[in-house]
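Please look over the sequence and the model before reading on.

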Amino acid sequence: MTPSPVLRSIQTIVPETVLAQEEVRDVFAAQPEISRLAKRIVSASFNGSGIDTRHTVLEELSFTADVIDPQFFDRDTGLLLEPGTKARNEVYIREAGRLFVEAARRALDADPDITAADITHVITVSCTGFYAPGPDYEIVRALGLRDGVRRQHFGFMGCYASMPALRAASEFCAGDPDAVVLVVSVELCTLHLRSTDDPDMIVATSLFADGAAAGIVTSRVFDSAVPGLALDRFHTGMIPEGKKDMAWTIGDHGFEMVLSTAVPQLIGDHIHDALRPLYAPEETLAEAFENDSIGERIAHWAIHPGGRSIVDRVQEKLLLSDAQMVPAREVLREYGNMSSATVLFVLRRILDEGAQNGERVAAMAFGPGLTAESALMTVVAPGSHES
């Protein structure tokens with residue numbers, strides 16, 4: 001029997017420029033064109049976000065940067081500027097291309113068994129910019145991969161996109177036992193932050209950040225000490241009632257993210273229906289899920305921290321312990337919501353903090369639609385992978 005595909009060598013990157021949440025809050029609250037109500041919403045959203053710091057590719061957002069011709073933030077006047085979508089995307093092309101290549105290279109360098117010559121597929125993930133030839137092409141050329149490597153891009157899907165990317169990688173491996181799939185996600189959300197009176201866009205502004213992550217998925221068996229996660233199965237659920245509450249559109253001054261305050265309640269109301277099919281194939285898990293004891297059966301929870309209230313609601317509805325929520329909350333606190341890359345940060349933290357061989361991991365991410373992507377995984381300790 002062919003072994004289950006394993007996600008291994010997860011690597012993460014954040015840009016060097018750090019944004020302190022309090023400082024960003026004060027900048028947005030000080031913009032002269034927003035109303036008093038908007039100022040209060042800014043304070044409440046930023047203060048209640050559960051975030052201490054975020055990272056950005058925009059050095060000019062730093063209070064220590066010396067920028068002669070600012071595009072996004074004029075430090076002298078304290079004004080947020082409004083570059084057009086083209087100008088924002090040009091920054092994306094330059095910065096995202098570099099991060100895609102670097103994240104992919106780190107994943108390869110971190111793996112003692114896999115080299116560039118082994119890669120059969122490249123999957124790239126991003127919703128914060130576009131260009132062609134795209135990052136998949138750049139990875140192939142920069143890392144010296146074979147020209148015939150199959151390339152696929154998951155674009156403009158939002159925060160959940162790394163989950164279907166991993167699912168596709170798993171399916172490639174199921175069809176070809178020798179497949180080695182490089183999955184890379186890069187999101188530069190801060191390129192699209194702007195001053196606004198819209199409460200839903202203010203919430204998004206308080207959360208989103210930049211980050212990159214990569215990993216390798218393969219069913220090939222190796223003996224080296226590389227921890228990983230066997231990809232047991234996936235499920236896609238939809239909450240149509242939330243279609244207008246989480247959306248992502250392209251405007252004249254950047255991409256416009258809508259993240260309604262109703263989203264946590266919608267997730268809480270529908271999470272059982274969205275997740276039930278994931279656990280149904282295993283009798284013990286299905287029974288635990290129906291009895292509200294799934295947290296006792298599954299040790300680790302890689303929840304995409306779309307915001308503190310979303311994490312709170314998932315914990316409340318699934319009766320998860322505070323300890324099980326630490327990886328998601330700590331990633332949110334240190335990095336913010338990096339859209340599709342974020343769940344890979346959480347998975348890496350779970351592995352780095354000593355998850356044991358055979359322990360189960362439940363992963364989930366929510367995005368436009370309202371779509372709920374989930375996966376069930378099993379920790380594979382070094383040298384222990386069996387068919």
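Leaving aside its neighbours within four places in sequence, which residues is aspartate 118 in contact with? They are Asp113, Val180 and Arg220, where contact means heavy atoms within 4.5 Å. This is a predicted model, in which local features need pLDDT of at least 70 and side-chain atom pairs count only at pLDDT 80 or more, while totals for chains, interfaces and linings use all residues. Residues are numbered from 1 along each chain as its sequence is written, and side-chain values use heavy atoms, with hydrogens and water left out.

Aspartate 118 sits in the loop between helix H3 (85-109) and strand E6 (121-126), helices (H or I, at least four residues) and strands (E, at least two) being DSSP runs numbered from the N terminus. Its side chain makes a polar contact with the side chain of arginine 220, at 3.4 Å; such a contact is a pair of N or O atoms within 3.5 Å, where within protein one must be able to donate a hydrogen and the other to accept it, and residues adjacent in sequence count only if both atoms are side-chain atoms. Aspartate 118 counts as buried because its relative accessibility is 19%, and buried means under 20% relative accessible area, exposed over 50%, and partly exposed in between (1.4 Å probe, protein chains only).

Serine 374 lies in strand E15 (residues 371-380) and counts as buried because its relative accessibility is 1%. Leaving aside neighbours within four places in sequence, the contacts of serine 374 include Met163, Arg233, Phe234 and His235. In helix H1 (residues 21-29), the buried residues are Gln21, Val24, Arg25, Val27, Phe28 and Ala29, and the elements they pack against include helix H2 (36-47), strand E3 (53-56) and H6.

The largest cavity is lined by 18 residues, of which Ala204, Phe208, Trp248, Phe255 and Met257 lie nearest its centre; on a 1 Å grid over the protein atoms alone, a cavity is a set of points where a 1.4 Å probe fits but cannot get out, a pocket is an open set with protein on both sides within 12 Å along at least five of seven lines, and lining residues have an atom within 4 Å of a point. Helix H6 (199-205) and strand E12 (254-259) each supply at least two residues of that cavity's lining.

Some backbone details remain. The peptide bond from alanine 132 to proline 133 is cis, with omega near -5°, and proline 133 is in the loop between E6 and helix H4 (135-143). The bond from glycine 369 to leucine 370 is cis too, with omega near -5°. Leucine 319 has a positive phi near 55° in the loop between helix H10 (308-318) and helix H11 (322-335), and leucine 319 counts as exposed because its relative accessible area is 54%.
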